[in-house]
Amino acid sequence: MLRLRAICPFSWRVFQFRPISCEPLIIQMNKCTDEEQIFDFIERNKAVLSEQQVGCAFNMLWNLQRQKTSLVKNVEYVRDHPQFLTLHNLAMNKFKLMNDDTLVNVLYITQQFAGEDFDPLVEALVTESWRRLERFDIKLLSVFSSCLAEQHLYFSPLMGRIADIVHRNLETTQDLSSLSVLMVNISSLISRHFQEQLVNKTELLFDTMDSSEVDFAKRIVQFLRNIRYCYQPLLERCNNVFLSNVDQLDLDSISKILSLHKFLQFNSFKFIMVAKKKLTEMIPLLNDPASFVKLFVALGPIAGPEEKKQLKSTMLLMAEELTSEQALAVLRALEDMESRNSHLIKRIASVLYKHLDNYKPLELLKITQALTCLHFQRKEFFVKLRELLLSYLKISFIPTEMSFLVCAISMLPSPLMDKVGISRIEAVLPQCDLNKLTSFSASVLRWIQYDHMHLDSNTGKQLKLLQKLDHYSHQRLQHINSFDLLWKELKYLKGDMFPESLIEEMIAALQRFRDEINYINVAEIAYFISKTNYLSTLLLDRIASVAVQQIEKIHPFTVFAIILPFSILNYDPPQRDEFLETCMQHLNSYLGIFDPHMLVILGSSLATLEYFPEDLLKAIFNIKFLARLDSQLEVLPSCQSTRVQFRLMELNRSVCLECPEFQIPWFHDRFCQQHNKDFECALDKTKKPLPYGSHNITLGQRPEMPWESNTEIVGSRLPPGAERIALEFLDSKAFCRNIPHMKGKSAMKKRHLEILGYRVIQISQFEWNSMALSTKDARMDYLRERIFGEVKS
């Protein structure tokens, strides 16, 4: 024995001090109840810890953090402890020996404790994981993708390899929880076709998930937000998960869900109401700035008057404590709330002013937009803001960033642009997509308008820039050779950013690919056309045909968008009745679950088309529905709420005048009396004017209605053979953009006036401003002919 010790001293030491099994040490470690005990254990056993035990130590430290509330977490203490450095070094020496699970787990936990941008252990673990990537199962792959996302490596070749692995194994994947994590992390890299495959796979696997799992539903909505796809069927199913688990939703979850819904323009009145209730209960419970700002941003836009008052008074007290990010978040919430609290706006603006140098171009644009909307006026603020924007513009070379800067500059009280700025814009034009080109065009038009009022000498340079923008936009549209590329460029254009010279080219490009309009994209394309005010019978006929043939595949909540352009542009497709009836039959079983304001918009659009489905009208004109609508109007922005009320009153008037047999009463009497006309008169049977006042009527009920009403028409009857005349002058907004075809609202107004007994004379600006009517005498002769039927000999 002694001889053996002498011959093999090293082997003896290993035999003496290395444990026979790692199990006793792990059992011992698992008995530790706090960080200090774990660190003592590491210090005592650092010479003999295996790679498995190192992984276990990391796991225990992280689990202790997860069990703590945010107020008692001590991440910095753990990270700076000498024995954490020891553990870190042990992992650096043993990572190649770790199994796949331990390797990725240690990477994830190391990142949670990381204090520096660069950590050699993180780099080593990522490299080793990359080497083993093909053998990772989907759960491990999802965790590893989250580690890359934490490092903002969304566009890295490594994330691309992960996307490829997911694509190759998608058919056999059954774990939606892990897949949803991967979907979010690879969403920046994948093709439209792969996006659709993931959406279809998610639908297939959705019911395999526990309905109480809120996180996976949030990730699915996040994925749809990332790919900018408002896919109603999945959004509805995720929303049902949220509604079924309201008690689990904390401030962070509610805030996130509301933000995602807003971006996707997904309306859920039920979720807003439960969110409002839960968030309102939190007002007295939150007193730290970080939490209260999150509450202010989430609750403010949907709060009632009393809650808004509480939020604003508390925010006033803590305004000076806000960070730059928090101040910007509050400002944008005030914009959404359409606040007129000048004291709070000034207080937040003073915080923004202190941090103005730290904001990035997009943040500066958001500040400019919000302050403009809130009518904020402070000269030194805007002077400094202009200097910052111009300084950024002179060094920026990224088209997106430059479009933000130029847009912000154009919104300032004095939107001046020097030669350097103009040349910077010209330099990036070849790199710009249609969205950025139209953004630049809108900004330049604002400068030209301002300079024209102030006789500025830069107008000529700006007109040349506008011509270049127009040239590049036309060139881009003409060279697009696939529908996917075209729609990617068109779908995010805003209605007020359509350059007049480009509309025809855009529509022509869509017409080239009209056969590719299908149930997936028909609602979005219809909505786009409604924003252009351009009547393309080719496209509208195709949209109607797709709706008729593929209605079962179209989500009911998107049908209103399909109907909208027909209503706005006053166009009946060849199969009009079949089209409208098919749409309504598809909607009938969903009328009870529509968001109230969407149902009103749908009814109003159909009324413009002279289509009055009885089931829809019964769903709207009842006390229960109107009470729900009143509740929703309280949480909508005031401009949207006003618009919905106007639509409801229009619908009420339309039904009462055009469908008296439904016996729906006037319940907006004052509005119904405001059927504005530019000029009205009455002529007797010999075409002589009657004295004004003896013939005017107040709207309330169509003359000689076959049924009783509480509201009656006020005024006297005309003498036999006399007639009432309503004269209307129509500007360009009353007509389609491309042809003098009257739009739906103007046509409906004429129809209603005729029902009320008027002979309606509508005069378009195209006629009135024509060369034929360029003199006063010519105009008087024209009016005599239209009103009295007199033709000058």
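Student: Why is Gln663 called exposed?
Tutor: Compare its value with the cut-offs. Gln663 has a relative accessible area of 54%. Buried means under 20%, exposed over 50% and partly exposed in between, with a 1.4 Å probe and protein chains only. The value of 54% is over the exposed cut-off, so Gln663 is exposed.

Student: What kind of model is this, and how are residues numbered?
Tutor: The model is predicted: local features need pLDDT of at least 70, side-chain atom pairs count only at pLDDT 80 or more, and totals for chains, interfaces and linings use all residues. Residues are numbered from 1 along each chain as its sequence is written, and side-chain values use heavy atoms, leaving out hydrogens and water.

Student: What else has a positive phi without being a glycine?
Tutor: Glu610 does, with a phi of about 60 degrees. Glu610 is in the loop between α34 and α35 (614–620). Its relative accessibility is 48%, so Glu610 counts as partly exposed.

Student: What is the overall make-up of the chain?
Tutor: The chain has 41 helices and three strands. Its C-alpha trace spans about 140 × 65 × 55 Å along the principal axes. Of its 793 residues, 50% count as buried.

Student: How do you know that Lys218 and Asp215 form a salt bridge?
Tutor: Their closest N and O atoms are 3.6 Å apart. A salt bridge is a side-chain nitrogen of Lys or Arg within 4 Å of a carboxyl oxygen of Asp or Glu. The distance of 3.6 Å is within that limit, so the pair qualifies.

Student: Why are Lys218 and Asp215 about one helical turn apart?
Tutor: Both are in helix α14 (residues 214–226), three residues apart, which means a separation of about one helical turn. Lys218 is buried at 17%, whereas Asp215 is partly exposed at 43%.

Student: What makes Arg476 and Glu489 a link between distant parts of the chain?
Tutor: First, the contact: their closest N and O atoms are 2.8 Å apart, and they form a salt bridge. The pair joins distant parts, with Arg476 in helix α27 (residues 459–479) and Glu489 in helix α28 (residues 483–490), 13 residues apart. Arg476 is partly exposed at 30%. Glu489 is buried at 12%.

Student: How many salt bridges does the whole structure have?
Tutor: The search finds 34. Another pair is Arg576 with Asp572, where the closest N and O atoms are 3.2 Å apart. Arg576 is buried at 17%, and Asp572 is partly exposed at 43%.

Student: Which residues are linked in a network of salt bridges?
Tutor: Lys96, Asp100, Glu128, Arg131, Arg132 and Arg135 are.

Student: Why is the pair of Phe58 and Phe84 called edge-to-face?
Tutor: Rings of Phe, Tyr and Trp (its six-membered ring) pair if their centres lie within 6.5 Å; planes under 30 degrees apart count as stacked, over 60 as edge-to-face and the rest as tilted. Phe58 and Phe84 have ring centres 6.0 Å apart and planes at 75 degrees, so they are an edge-to-face pair. Phe58 is in helix α5 (residues 51–66) and Phe84 in helix α7 (residues 82–94), 26 residues apart. Both are buried.

Student: What makes Phe557 and Phe594 a tilted pair?
Tutor: Their centres are 4.8 Å apart and their planes stand at 55 degrees, so the pair is tilted. Phe557 is in the loop between α31 (537–550) and α32 (559–569), and Phe594 in the loop between α33 (576–587) and α34 (596–608). Phe557 is buried at 13%, and Phe594 is buried at 3%.

Student: Which residues do ring pairs link into a cluster?
Tutor: Phe58, Trp62, Phe84, Tyr108 and Phe113 are linked in this way. The whole structure has 20 aromatic pairs.

How values were computed:
Helix = DSSP H or I, 4+ residues; strand = E, 2+ residues; numbered from the N terminus.
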